[in-house]
Amino acid sequence: MSHDLSTTFTGLKFVNPFVLASAPPTESKRKILKAFEAGWGGVVTKTIGLHPVENVAGPKTIFQRASEQAPYVSRNKRPDTVSHSSWNWELISDQPLDQWLPDLEEIKTTYPDRMLIGSIMAGAGGEAEMENWRKLARACVGAGCDALELNMSCPHMDRKDMGAHIANDEAIITSVLKAVKGAVDVPIWVKLTPNSSSLLDGARAAYGAGAESISLCNTFPSLPLMDPETLKFEVEVDGLVTSGGLGGLAILHQALQRVSDISRAFPDKAISGIGGIRGFREAFNFIVHGAGNLQVCTAAMEEKGSGGIGVNLIGELTGDLADYLDRKGYRSIEEFRGIARERIVEHSKIRRKSEAYNGGYAQTA
């Protein structure tokens with residue numbers, strides 16, 4: 001049986017379902033062109049905005065590791081360690097829109113068969129900010145972007161009307177989507193924060209306002225570790241630190257939970273899965289929970305010699321997916337996407353050791 005690595009997601013044809021997420025791997029024309037040359041099916045640009053951006057005066061991203069011999073988590077390089085997570089407090093792109101536009105045009109012209117998704121962000125402080133969303137949307141689509149991803153999830157913005165600060169507000173989500181949908185006619189993805197007790201409500205508002213997909217999960221709000229000997233944080237500026245984002249393998253299981261929640265609540269809607277994908281096994285788990293598109297960041301950044309865009313990683317991902325489809329007789333990922341949904345149940349529905357047990361929600365409700 002022949003297989004096909006291509007996927008149609010939100011109406012767009014991807015040569016394979018693997019996409020570089022909005023982050024340092026997609027921060028420049030050079031990196032995006034190299035990523036497409038390596039074989040990635042799509043990229044989501046580093047988030048483009050209109051307000052001035054200046055990052056912290058120090059390291060922006062660290063990678064944390066652990067081992068059986070030295071099981072503590074630390075950025076300190078030690079022998080025989082494996083990746084645990086990434087941590088960053090990096091802001092959105094500091095490259096202005098006017099510089100991005102010719103770059104986007106060149107990227108799309110060079111690789112017309114690859115999907116270019118523009119990540120954009122503006123504020124929520126009134127009509128002026130809604131017009132900023134429209135301006136960004138029109139400009140990016142006019143330069144060749146096939147879709148847009150609205151960043152409502154960055155966990156460490158320096159403005160309170162942006163990123164994850166607005167992701168719990170269904171009225172804001174709706175108003176932003178109304179503005180963007182009225183300005184352009186391409187698929188709109190909404191990247192929501194996983195750090196919300198009202199994630200389903202936010203997703204419902206986004207889908208209801210016309211979002212073609214939800215992207216989950218952005219990094220989780222977190223703090224870096226302090227070294228017990230030096231009493232310094234493993235990343236700091238002038239001895240100070242603020243909330244950043246935890247990514248990589250450490251968030252895999254939590255990301256799967258969020259994707260599962262959205263997928264079971266909205267089984268007919270599209271989800272782009274993000275969070276801890278290092279190889280096919282992690283990607284497979286996002287697919288069986290309902291994701292039809294897979295975004296990768298930390299694993300690509302960690303790959304030595306690739307310039308942070310996962311040259312070898314994309315070959316491994318596509319090769320392992322092709323091998324799996326061949327071995328199992330599947331033609332595409334659509335034949336096993338979402339198969340885990342019906343096996344996720346309430347705790348009370350899990351069989352107990354004793355048939356006489358009379359507790360649990362199902363027995364007492």
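Q: Are W87 and W89 buried or exposed?
A: Both W87 and W89 are buried in this predicted model. That label needs a relative accessible area under 20%.

Q: What makes the pair of W87 and W89 tilted?
A: The ring centres of W87 and W89 are 5.5 Å apart, within the 6.5 Å that a pair needs. Their planes stand at 55°. Stacked means under 30 degrees and edge-to-face means over 60, so 55° falls to the remaining class, tilted.

Q: Why is the pair of F36 and Y111 called tilted?
A: The centres of F36 and Y111 are 5.6 Å apart, again within 6.5 Å. The angle between the planes is 55°.

Q: What does the pair of F36 and Y111 tie together?
A: F36 lies in helix 1, residues 29-38. Y111 lies in the loop between helix 2 (97-110) and strand 7 (115-120). The pair therefore ties together parts that are 75 residues apart in sequence. Both F36 and Y111 are buried.

Q: How many aromatic pairs are there by this rule, and which residues do ring pairs link into a cluster?
A: The count comes to 13 aromatic pairs. The cluster is made of F280, F284, Y324, Y330 and F336.

Q: How do you know that the charged end of R78 sits over the ring of Y72?
A: The charged end of R78 is 4.2 Å from the centre of the Y72 ring. The limit is 6 Å, and the charge must also lie within 35 degrees of the ring normal. R78 is assigned to this class over Y72.

Q: Why does S215 count as buried?
A: S215 has 0% relative accessibility. Buried means under 20%, so S215 qualifies. Its place is in strand 10, residues 213-216.

Q: What makes the link between S215 and E149 a polar contact?
A: The side chains of S215 and E149 are joined at 2.7 Å. The cut-off is 3.5 Å, so the distance passes.

Q: Which residues does S215 touch, leaving out those up to four places away in sequence?
A: They are E149, W189, V190, K191, L192, S272, I274 and Q295.

Q: Which residues does a cis peptide bond join, and what is omega there?
A: The cis bond joins L216 and C217, with omega at about 5°. C217 lies in the loop between strand 10 and strand 11 (220-222).

Q: Why does D80 count as exposed?
A: D80 reaches 66% relative accessibility. Exposed means over 50%, so D80 passes. D80 is found in the loop between strand 5 (61-66) and strand 6 (82-88). Its phi is positive, about 60°, although D80 is not a glycine.

Q: What makes D238 exposed?
A: The relative accessible area of D238 is 76%. The threshold is over 50%, so D238 is exposed. D238 sits in the loop between strand 11 and strand 12 (244-247). Phi of D238 is near 55°, a positive value in a residue other than glycine.

Q: What is the order of the 4 strands in the open sheet?
A: The order is 5-6-12-11, with antiparallel pairing. Strand 5 and strand 11 are the edge strands, as each pairs on one side only. The twist averages 35° from one strand to the next.

Q: How do you know that strand 11 and strand 12 pair?
A: They are joined by 3 bridges. Pairing needs at least two, so the two strands pair. In strand 12, L246 is the bridge partner of F220, and G244 stands opposite S222.

Q: How many bridges join strand 6 to strand 12?
A: There are 3 bridges, and the strands run antiparallel. N88 has G245 as its bridge partner in strand 12.

Q: Which strands form the closed barrel?
A: The barrel has 8 strands, running 3-4-7-8-9-10-13-14 with parallel pairing. The twist averages 25° from one strand to the next.

Q: What makes strand 3 and strand 4 a pair?
A: Strand 3 (residues 18-20) and strand 4 (residues 42-44) share 2 bridges, in the parallel sense. At least two are needed, and 2 meets that. V19 stands opposite G42 in strand 4.

Terms used:
Residues numbered from 1 in each chain as written. Predicted model: local features only at pLDDT ≥ 70, side-chain atom pairs only at ≥ 80, totals over all residues. Heavy atoms only, no water. Buried < 20%, exposed > 50% of the residue type's maximum accessible area, 1.4 Å probe, protein only. Polar contact = N/O pair within 3.5 Å; in protein donor to acceptor, adjacent residues only side chain to side chain. Contact = heavy atoms within 4.5 Å. Axes fitted to C-alpha atoms, helices over the stretch in contact; angles between N-to-C directions. Phe/Tyr/Trp six-rings, centres within 6.5 Å; stacked < 30°, edge-to-face > 60°.
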